Amino acid sequence: MSTRATKRIKRDSGELPTSFDLLALYKSDFGDRILSFASGVDLCTLDIINKQFKSLTTNQWNIVTKERFGMNNGKEGWKMGTSFLRPPKFVHNAGGYEGADGGSPHVAANENIIAYTSDFKVNANASIELRDASTLNTINLRPSPISNWKVAICGREGAEIIVTSNGRKICAQRRDNEVSYNVQQLDFDTNTGCGIETIGCETHLIVAHDGRVQLYEVINEQLEQVGHGGDTNNNTELISLRKDIQVEGGVVDYDDEEELMEEKLAWSPDKTHFIVGYPHQICVWKFEAETNEITLTKTIDTAWEVNNVALAEDYIVASSKNKRVHIWNRNTGDKMVYTSMYMTKHSLCDVGITEQLWNASHWPLQLSCHGRILVSTSHIGCALCIWDMKAGKLLKRHNEAKEQGVVQMLPRGIFSEVTDMAYLQQLNAILCMTAEYENMWVFPTNQRQLDMATSIHQRVEWGLESENESGESIDDDGWDHDYFNNVHCNQCSACEVLVHEICTSEAPKCTHER
């Protein structure tokens, strides 16, 4: 018997192991040809190795994603973190929103829908606007028995309850209701300057006003109609009060009669905690849905005036009236201090000129936390700032202004201040509202999200072209459909050294200012 035949017999019996060059297998069809000679024992061994490799890579993804971006969801978190470092897909006036000049539109979103409202929408047939959270297509326009300043969403997907508020009242109504009996109003003995603050989840609604924190449970059972064409006087109980707690030191003092202060509310990413901001105090609460309990876990007092808050997995975030971003370690409560060779920073700011801060918007910075990544609006207009909260660094500032060096939300007008912002999970997008328009930055992590963003962009551009009297077409934004196959690293135009901002390559780093 020949030597080759002997080896084949030993190989088939499992006595002679078969080795593979994994890189060669990946790069060419050489692997296919080798596998054509593999025995059943070889294939079983390869399956075992493959399973072990997948397990090891999953664990390693969790480690590197936590280290780099502070997220706990492995590879998906890595995709999200790196997406914020790439140029986004920008859509101006994404949903075709048209508000009155000087209005203050607000927005809330869950995985399913987006709800819009404004203090300038006085038409009862258009006081609440609902859109699909994936396509931004209009679902319907909702009437409301009260004037609406703020909006929140609670309840199960498909049966959401839209909660709107003004300075004295809260109104809750089901998304799909067609008659007024399915509306609940709550009156408060208060006069909150910009609307009573609310946030919602599938099971509960959180309300903050006058130094109080209230927990309402969502009543998901649909009650039978009592009568046709009922009134709006609580014929249906959609939310029911379970907890009402007065916060010590949280009472809001109205020092300036012209500008009433208000509380601020925000969820943690997993919605097991929430944060409340008062003018000079920040409170973190633990939320237990099953037992209808809320527990105060941490309190931070500030000498400066708080005007917005956010809560990350590992950080507490607040913006101040002087347009600074302050960050604390969530576990220890210690203020983050960022020290370099040249300076020590106790807060973050994306501009360094005092005059720019004095002329900045009076609206608070809008904040959205994703691991150790903080997405905020800019101090001087409609740019999105991407911060590393652990390092205290501004990683990117995505600016869609046409004029070089100018950061503006809109190409015209003075009503360019960002009044509210929402994160759209289905698109991995940030939606910013102004008095006249809504602008959206999409940071796609997969081809599906890119396709949805491209579809929305094309729909908006086609609408603009149809309104263009000169007949000039809108220039394409230059996005490559093979984005995820081609864009991995940036190249410095000065020295042509690859700058690996996204991948983990150890290539030489460029020192040029970019």
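**Close-up views of a predicted chain**

The chain exposes about 26600 Å², and carbon and sulfur atoms supply 49% of this area; accessible areas come from the Shrake-Rupley method with a 1.4 Å probe, and for residues only the protein chains shown count as cover. The model is predicted: local features need pLDDT of at least 70, side-chain atom pairs count only at pLDDT 80 or more, and totals for chains, interfaces and linings use all residues. Residues are numbered from 1 along each chain as its sequence is written, and side-chain values use heavy atoms, with hydrogens and water left out.

**View 1. The chain as a whole.** The secondary structure comprises 8 helices and 31 strands; helices (H or I, at least four residues) and strands (E, at least two) are DSSP runs, numbered from the N terminus. Of the 514 residues, 46% count as buried, where buried means under 20% relative accessible area, exposed over 50%, and partly exposed in between (1.4 Å probe, protein chains only). Among contacts with a separation of 6 or more, 52% come from residues 24 or more positions apart; a contact means heavy atoms within 4.5 Å.

**View 2. An open sheet of 4 strands.** The strands follow the order E6-E7-E8-E9, with antiparallel pairing; two strands pair if DSSP finds at least two bridges between them. Strand E6 (150–154) and strand E9 (183–187) are the edge strands, each pairing on one side only. From one strand to the next, the twist averages 20°; axes are lines fitted to C-alpha atoms, for helices over the stretch in contact, and angles run from 0 to 180 degrees between N-to-C directions. Strand E7 (residues 161–165) is joined to strand E8 (residues 169–174) by 5 bridges. Ile-161 has Arg-174 in E8 as its bridge partner.

**View 3. Helix H5 and its surroundings.** In helix H5 (residues 74–83), 7 of the 10 residues are buried, including Trp-78 and Met-80. The buried residues of H5 pack against H4, strand E23 (367–370) and strand E27 (420–424).

**View 4. A nonpolar surface patch.** Leu-35, Leu-43 and Leu-46 make a patch of about 200 Å². Patches consist of residues with over 30% relative accessible area and no salt bridge; like charges are joined within 9 Å, and nonpolar side chains (Val, Leu, Ile, Met, Phe, Trp, Tyr) within 5 Å. Leu-46 belongs to helix H4 (residues 40–69) and is partly exposed, at a relative accessible area of 30%.

**View 5. A salt bridge between Arg-131 and Glu-129.** The side chains of these residues meet at 2.7 Å, N to O; a salt bridge is a side-chain nitrogen of Lys or Arg within 4 Å of a carboxyl oxygen of Asp or Glu. Arg-131 is buried at 6% relative accessibility, and Glu-129 is buried at 8%. A search of the whole structure finds 10 salt bridges.

**View 6. A salt bridge between Asp-244 and Arg-212.** The closest N and O atoms are 2.9 Å apart. Asp-244 in strand E13 (residues 239–246) and Arg-212 in strand E12 (residues 212–218) link distant parts of the chain, 32 residues apart. Asp-244 is partly exposed at 35% relative accessible area, as is Arg-212 at 26%.

**View 7. A salt bridge between Lys-321 and Glu-305.** The closest N and O atoms of this pair are 3.6 Å apart. Lys-321 lies in the loop between strand E19 (315–320) and strand E20 (325–329), and Glu-305 in the loop between strand E17 (293–301) and strand E18 (306–311), so the pair ties together parts 16 residues apart in sequence. Lys-321 is partly exposed at 45% relative accessibility, and Glu-305 is partly exposed at 22%.
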